[in-house]
Amino acid sequence: MIVADQKPIEEILQMLEPYRKVLFLGCQTCVAVCMAGGEKEVGLLAAAVRLARKHQGRPIEIVEGAVKRQCDDEFNEPWAKTIEQQEAVLSLACGVGVNKLSERFDVPILPALNTKFFGEVERQGVWAEVCAGCGNCILHLTGGICPIARCAKNLLNGPCGGVRADGTCEVAQNGSRPCAWVMIYERLGKLNQRQNLENIFGAKDWSSDRHGGPRKRIREDMLLEG
Amino acid sequence: MTNSEPKIVAFCCHYCAFAAADLAGVLRLKYPPNVHIIRLPCTGKLDTLYILKAFEAGADGVIVAGCLEGGCHFISGNLRAKKRVLAVKGLLARIGIAPERLEFFNLSSAQGDRFAQIAREMTERIKSLSSSVLTPLPEGKG
Ligand code: SF4
Ligand code: SF4
Ligand code: FES
């Protein structure tokens, strides 16, 4: 799923500063599951913003709602009339939802979230990045553990010299975490596939990644026109 | 209730605080009548939204009262509620509302006197805070 974080309330209040009539629109898919922008978070944020604004002596009128998938026009359509009546929309979807609404409506669409990464649910309340969407998957060679996303240096032939004796990575962001290549080594052992490590990966063609500019996927057979 | 009495909403666990409030009544213990009790099956049921809604609806203070630590009938409902209360306190501070207006308490069903004391304590605490929760700040501040 796409993992996002709610922006600090101070920043949200600042974005909303010029407006008095706003729709808070959540998304019931990824950001609901990662507890950042679902129906529940819409309710909480709206209550907090109303309280803050009342306290400032500048009350705000908030309509609350959430759509199934904000990245898809057809789910936003039932909200079109409401959106057009607002001074602004605070979107609690990921950045994709904000872009989508901005393409369709002539109303400022403000992002309530910082969109972060594709992640798994590690345990309740913890999400971890495990795929970076490089566009050319090699997981069949690495025991299902992605070195692009899970190695801090995106190494294809790891580990690097910085791996610690206890198997953790030298790059410790958010506390210590295992070296992706140690994980791959152990996993390949379990699968009897350590021979995979004898093949040295050549330089990766990053054109399938974002480095080739914004990407688009087209399925000709599914197009309705033409 | 006079206007100067702060309105307090108390989210009480059915097994402890709610029973303790009942006991306080049976024992004829005096506590401020401005405390409005809402019974929860366990404080684990507490949704952070309930707290904000209480403030929105005009509460000057909110009490969340659950079983003693180790005594929750659903094992860890009270510990989880306490964490949520802490998170909301942080949020309140950031939107300009004194976090002291919200407090979590642990007590047992036998502590009718403790319940009355908590009700008095919170009432006094809120009275000592300068303004009501939603007294608007002068335009341009806060
Ligand atoms: S190799 Fe690429 S597509 Fe496959 S998991 Fe890693 S980042 Fe994602
Ligand atoms: S220690 Fe492992 S995970 Fe960390 S940068 Fe080196 S190879 Fe990558
Ligand atoms: S049963 Fe009382 S707090 Fe859980």
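# A walk through chains B and A

From the N terminus on, chain B runs β-α-β-α-β-α-β-α, which comes to 4 helices and 4 strands. Helices here are DSSP runs of H or I with at least four residues, strands are runs of E with at least two, and both are numbered from the N terminus. The model is a predicted one, in which local features need pLDDT of at least 70, side-chain atom pairs count only at pLDDT 80 or more, and totals for chains, interfaces and linings use all residues. Residues are numbered from 1 along each chain as its sequence is written, chains are lettered from A and ligands numbered from 1 in the order in which they are written, and side-chain values use heavy atoms, with hydrogens and water left out.

The 4 strands of chain B form an open sheet with parallel pairing, in the order S2-S1-S3-S4. Two strands pair if DSSP finds at least two bridges between them. At the edges of the sheet are strand S2 (35-40) and strand S4 (102-106) of chain B, each of which pairs on one side only. On average, neighbouring strands of this sheet are turned by 20° against each other, direction ignored. Such angles are taken between axes, which are lines fitted to C-alpha atoms (for helices, over the stretch in contact), and they run from 0 to 180 degrees between N-to-C directions.

One pairing can be followed in detail. Strand S3 (residues 61-66) of chain B pairs with S4(B) in the parallel sense over 5 bridges. Ile63(B) has Glu103(B) in S4(B) as its bridge partner. Helix H4 (residues 112-128) of chain B packs on the sheet and touches S1, S2, S3 and S4 of chain B, where contact means heavy atoms within 4.5 Å. The direction of H4(B) makes about 165° with that of S4(B). Helix H1 (residues 17-26) of chain B lies across strand S1 (8-13), S2 and S3 of chain B and runs at about 115° to S1(B).

Chain B has 142 residues, and buried residues make up 44% of them. Buried means under 20% relative accessible area, exposed means over 50%, and partly exposed is in between (1.4 Å probe, protein chains only). Among contacts in chain B between residues at least 6 apart in sequence, 76% join residues at least 24 apart. The chain exposes about 7100 Å², of which carbon and sulfur atoms supply 56%. Accessible areas come from the Shrake-Rupley method with a 1.4 Å probe, and for residues only the protein chains shown count as cover.

Over all chains, a search of the whole structure finds 3 aromatic pairs. Rings of Phe, Tyr and Trp (its six-membered ring) pair if their centres lie within 6.5 Å; planes under 30 degrees apart count as stacked, over 60 as edge-to-face and the rest as tilted. Tyr31(B) and Phe115(B) form an edge-to-face pair, with 5.3 Å centre to centre and 80° between the planes. This pair links distant parts of the chain, since Tyr31(B) is in the loop between H1 and S2 of chain B and Phe115(B) is in helix H4 of chain B, 84 residues apart. Phe115(B) is buried, with a relative accessible area of 3%, whereas Tyr31(B) is partly exposed at 24%.

Ile75(B) has a phi of about 70° and lies in the loop between S3 and helix H3 (77-94) of chain B; its relative accessible area of 72% makes it exposed. In chain A, Asn154(A) has a phi of about 50° and is partly exposed, with a relative accessible area of 35%. Asn154(A) is placed in the loop between H7 and H8 of chain A. Pro159(A) also lies in the loop between helix H7 (147-150) and helix H8 (180-190) of chain A. A cis peptide bond, with omega about -5°, joins Gly158(A) and Pro159(A).

Helix H1 (residues 9-16) of chain A has Ile9(A), Ile12(A), Leu13(A) and Leu16(A) as its buried residues. They are on the same side of H1(A), because they cover an arc of only 100° around the axis. The arc is that of the directions from the helix axis to the C-beta atoms. An α-helix has 3.6 residues a turn, so residues three or four places apart point the same way. The cover over the buried residues of H1(A) includes strand S1 (2-6), strand S2 (21-27) and helix H3 (39-55) of chain A, together with H3 of chain B.
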